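Have a look at the model first.

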Amino acid sequence: MKKEVEKLLQYVQKPARYIGGELNAVIKDKEEIDIRYAFCFPDTYEIGMSHLGMKIIYGLVNDRQDSWCERVFAPDNDMEEQMRKNNVPLFALESGDYIKDFDMIGFTLMYELSYTNVLNMLNLAKIANQIVFLSVWEDVQHYASLKIH
């Protein structure tokens with residue numbers, strides 16, 4: 001865990017959400033893999049960890065010798081406030097590395113109301129979100145144009 005992240009934990013209600021190290025968390029050597037994948041869940045740790053699909057994808061990607069899938073969850077309001085105040089980008093649980101440094105970033109979208117959380121997480125990660133926003137907007141326009149019978 002990076003020191004700048006560790007300093008923030010004293011100001012949040014549930015710091016365990018942000019430290020990783022759980023039983024069965026996958027840790028790999030960055031030098032021995034080809035692809036680092038930040039698997040982002042646009043809600044808090046407790047909700048994301050209860051999502052079966054996330055566990056399945058996490059396991060499948062990490063079964064590969066050439067890939068490392070790390071989990072990223074939306075921080076709760078108290079942590080988000082501290083991250084913005086201290087200019088700390090969004091990070092992954094396993095390595096603590098900032099997700100802007102990963103090879104690939106993916107989100108799971110369970111429902112449309114989580115779209116804004118995706119944009120917020122990209123903003124926290126300091127990743128330009130104009131392209132993602134256009135993709136989400138195209139989906140919204142598509143669903144809005146469907147006729148309900």
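Where is N24 found? N24 sits in the loop between α1 and β1, with helices (H or I, at least four residues) and strands (E, at least two) taken as DSSP runs numbered from the N terminus.

Bear in mind that this is a predicted model, where local features need pLDDT of at least 70, side-chain atom pairs count only at pLDDT 80 or more, and totals for chains, interfaces and linings use all residues. Residues are numbered from 1 along each chain as its sequence is written, and side-chain values use heavy atoms, leaving out hydrogens and water.

**Positive phi**
- N24 isn't a glycine, yet has a positive phi of about 75°.
- N24 counts as exposed because its relative accessibility is 65% (exposed is over 50%, buried under 20%, partly exposed in between; 1.4 Å probe, protein chains only).
- K126, in the loop between α5 and α6 (130–145), is another non-glycine with a positive phi, about 65°.

**Helix α4**
- M79, E80, Q82 and M83 are buried in α4 (residues 77–85).
- These residues lie on the same side of α4 because they cover an arc of only 165° around the axis (taken from the directions from the helix axis to the C-beta atoms).
- N77, E81 and K85 are exposed on the face turned away from that buried side.
- The cover over the buried residues includes α1 (3–8) and α5 (115–124), with contact meaning heavy atoms within 4.5 Å.
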